[in-house]
Amino acid sequence: MQRNLRKRIGSALLTAVLLLGLLPATVWAEGEIDSFAELNAAINAVDTEGTISISTSIELTEDLVIPTGKTIILAGNGETAKITTSGQHTILVNGNLTIQNLSIAANMDKGYAPITVAADEAELYTDGMTLIN
């Protein structure tokens with residue numbers, strides 16, 4: 001009887017571990033992001049789909065690349081959340097990007113865009129995004 005109970009508990013624990021592995025990357029990627037390095041690391045940590053919460057102002061120090069094959073949601077708090085692009089540093093979309101409740105402040109050099117949809121299959125969606133020049 002005790003042996004069967006141990007097997008059942010072991011099976012339940014194994015099932016729980018396997019189910020945790022199936023959770024989307026959103027659960028692990030969310031959190032306080034307050035620098036370009038943290039934002040870039042969070043995007044790279046997403047396997048295929050993820051939501052990254054931004055509640056502060058982040059200035060790009062190089063291109064922010066959304067890789068092919070990834071679907072990323074950058075979700076701001078709508079008040080202080082802002083990404084500042086500058087010079088030649090752009091948001092380069094090769095995968096799928098949704099920008100929600102977030103301001104994009106563009107301080108670009110002439111001939112450069114704050115957001116560039118670069119790949120053939122790339123998609124950009126906005127929901128409550130404000131573009132400031």
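These legends walk through several close-up views of a predicted model.

View 1. Let's start with the overall layout. The protein chain holds three helices and eleven strands. Of the 133 residues in the chain, 34% are buried. The accessible surface of the chain comes to about 8,200 Å², and carbon and sulfur atoms account for 52% of it. Now look at the contacts in the chain with a separation of 6 or more: 56% of them are between residues 24 or more positions apart.

**View 2. The largest nonpolar core.** Here we step inside the protein. In soluble globular proteins, nonpolar side chains tend to be buried together. In this model, the largest nonpolar core has 24 residues, and L39, L74, I83 and I91 are those with the most contacts inside it. Which elements give two or more residues to this core? They are α3 (36-45), β1 (49-54), β3 (64-66), β4 (71-76), β6 (91-93) and β7 (96-100). The element that gives the most is α3, with four residues.

**View 3. L39 and its contacts.** Setting aside neighbours within four places in sequence, which residues is L39 in contact with? The list is I33, I52, I54, I58, L64, L74 and I83. Two of these, L74 and I83, are also named with L39 among the residues with the most contacts inside the largest nonpolar core.

View 4. F36, L39, A42 and I43 are buried in α3. Why are these residues on the same side of α3? They cover an arc of only 130 degrees around the axis, so they share one side of α3. On the face turned away from this buried side, you can find the exposed residues A37 and A45.

**View 5. Strand β5 and its partners.** Strand β5 covers residues 82-87, and five of its six residues are buried, so β5 is largely enclosed by the rest of the structure. Strand β2 (residues 57-59) runs parallel to β5, and three bridges join them. To find this pairing, look for S57, whose bridge partner in β5 is K82. Strand β8 (residues 103-108) also runs parallel to β5, joined to it by six bridges. Here you can look for G87, whose bridge partner in β8 is M108.

Note on methods: Residues numbered from 1 in each chain as written. Predicted model: local features only at pLDDT ≥ 70, side-chain atom pairs only at ≥ 80, totals over all residues. Heavy atoms only, no water. Core = buried A, V, L, I, M, F, W, Y, C linked by side-chain atoms within 4.5 Å. Buried < 20%, exposed > 50% of the residue type's maximum accessible area, 1.4 Å probe, protein only. Contact = heavy atoms within 4.5 Å. Arc of directions from axis to C-beta. Pairing = 2+ DSSP bridges. Areas by Shrake-Rupley, 256 points an atom, 1.4 Å probe, with all protein chains shown as cover.
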